[in-house]
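Me: Can you walk me through this one? I'd like to go over the strands and then the ligand.

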Amino acid sequence: MSNFIDLDRRDLLTGSAAGLAALAFRSNTAFASAKPDPSFPKDFVWGSATAAYQVEGAFDADGKGPSVWDVFSKKRGAIFDGNTGNVACDHYHRYAEDIALMKRLGVNSYRFSVAWTRILPNGIGTVNEKGLDFYKRLLDGLLAAGIAPACTLFHWDYPQALFEKGGWQNRDSANWFAEYTQVVAKALGDRIKVWITQNEPQVYLGLGHLDGAHAPGLKLKFGDYLTCVHNSLRAHAKSVQALRATQPGSQVGYVMASQIRLPATETQADIDAAGKAIFFVRDRNSWNNAWFLDPVLLGRYPEDGLKAYHGDMPKFPASDLDEMKQPIDFLGLNIYTGGRWQQGSNGQPEMLPEPPGYPRSGVDWQPLRPEALYWGPRFHYERYKLPIFITENGLSTRDQVFLDGKVHDPQRIDYMHRVLLNIKRCINEGIPVKGYYAWSLMDNFEWADGYKQRFGLIYVDYPTGKRIPKDSFDWYRQVIASKGKILSRPTKMPVNHLVP
Ligand code: FCB
């Protein structure tokens, strides 16, 4: 099966958007006669996303305390080319310009994160009003532009002072996060109705506490890593409780670095194999879904993980599991890629290797697999029965300013087009995907890769801070303006821009 277009012909008969679109990519004639209903629901959330450390800069402005990323990014060899987030996109000072760009883009929501140490420089205790003022200005600007804020409380920039008290290894860390949540919710809750407790625990715990590739750069023993996970799950739940108490009526969600396993073919056997594999927990790393979702949504650790991690499991009071399970309103899935699985000859799920020459983005971890945006939400909805937001999706491309002064990024347009058609397929089939946040609004500090990766719809010239909307910005603007209708047409790529 080739990567993008060999969908089952049943798609044509059932009218699934992905199938029809796939055929459209193969043949315009087939598409013209198929006529799917192309529009997205009226209340669909069209968004773009960023995170504080990646865009704000102003790393020590106005009383901000250091985070583990401030410290880690200055360690020799930790980040590509020695880059840091000291200045980044300088969004802290240029936020008004960025809001104006979002307004032009037409997004109706902006997912951003709060830098914990702008608000509480030591993580707990004294509140820094100037830090809160920045977010008040940002939020007022967004609301005036008609853009609904979706606030992530924690997107990896953990307070250095709390790290020095043991960080996630310390059982008190759950209370520290609840305290921070309460301060933010009290101060900003009149302006924010959508909250996300944490972004991608798999990554800040796995890469930050097990592999040492991200801040704070720890390589803990597996049992100690499991303690960190346990406390972060408790912290999420206490944060939900704090939000419910402080801001009743708001929408609260939790965001995963979703590890998508999808069927190699759309036979029932392969669908079942992928549907099982996507919730497997058996490897001694953090790259799974169920270890992070089952406790907070089902109130238990998954059985297979308990077996695999036997001997390393931390001891904890049984009441922790009850406390962890706090009802939330939506599940946020960050989906960038997926692996193909099939039913093996022994009847068990098995993973297929990528074929030679598969399509990929600028980061090595991202084979381009837009169907993951259909199968991921579908399998998660079947297991957890929660409305879903795609809280991040996008790709890194090696963008540059062309001779005509523009930034042409046809690969991004093509990938997002395929992704949105897969999301439409979910919607057509009754899987409640409620919104899509493009990662990212603008190029930014991509963690250990520094400024090497460009994920933005807007190009950032870092030496000057100048923003240049890419072709994909204009394309996404048209998608939003048409409520997705233009997705039913194959996109004409701007490849002739230099031809007189
Ligand atoms: C996700 C992160 C986000 C960004 C994208 C590319 O894992 O949440 O901050 O780095 O990857």
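**Hairpin and ligand site**

Reply: Let's start with the hairpin of E8 and E9: there are 5 residues between the strands, and glycine 347 has a positive phi near 85 degrees. Strands here are DSSP runs of E, at least two residues, numbered from the N terminus. This is a predicted model, where local features need pLDDT of at least 70, side-chain atom pairs count only at pLDDT 80 or more, and totals for chains, interfaces and linings use all residues. Residues are numbered from 1 along each chain as its sequence is written, and side-chain values use heavy atoms, with hydrogens and water left out.

Me: In which sense do E8 and E9 pair, parallel or antiparallel?

Reply: Antiparallel, over 3 bridges, with E9 covering residues 349-351. Pairing takes at least two DSSP bridges between the strands. Glutamine 342 has glutamate 350 in E9 as its bridge partner.

Me: And what does E6 pair with?

Reply: E6 (residues 260-263) pairs with E8 (residues 338-343) in the parallel sense, over 4 bridges. Leucine 262 stands opposite arginine 340 in E8.

Me: OK, ligand now. Which glutamate side chain has an N or O atom 2.7 Å from a ligand oxygen?

Reply: That's glutamate 446, a polar contact by the cut-off used here (a pair of N or O atoms within 3.5 Å). Glutamate 392 also has a side-chain N or O atom 3.0 Å from a ligand oxygen, and a polar side-chain atom of asparagine 199 lies 3.0 Å from one too.

Me: How much of the ligand does the protein bury?

Reply: 94% of the 300 Å² that the ligand exposes when taken alone, by Shrake-Rupley with a 1.4 Å probe.

Technical notes: Polar contact = N/O pair within 3.5 Å; in protein donor to acceptor, adjacent residues only side chain to side chain.
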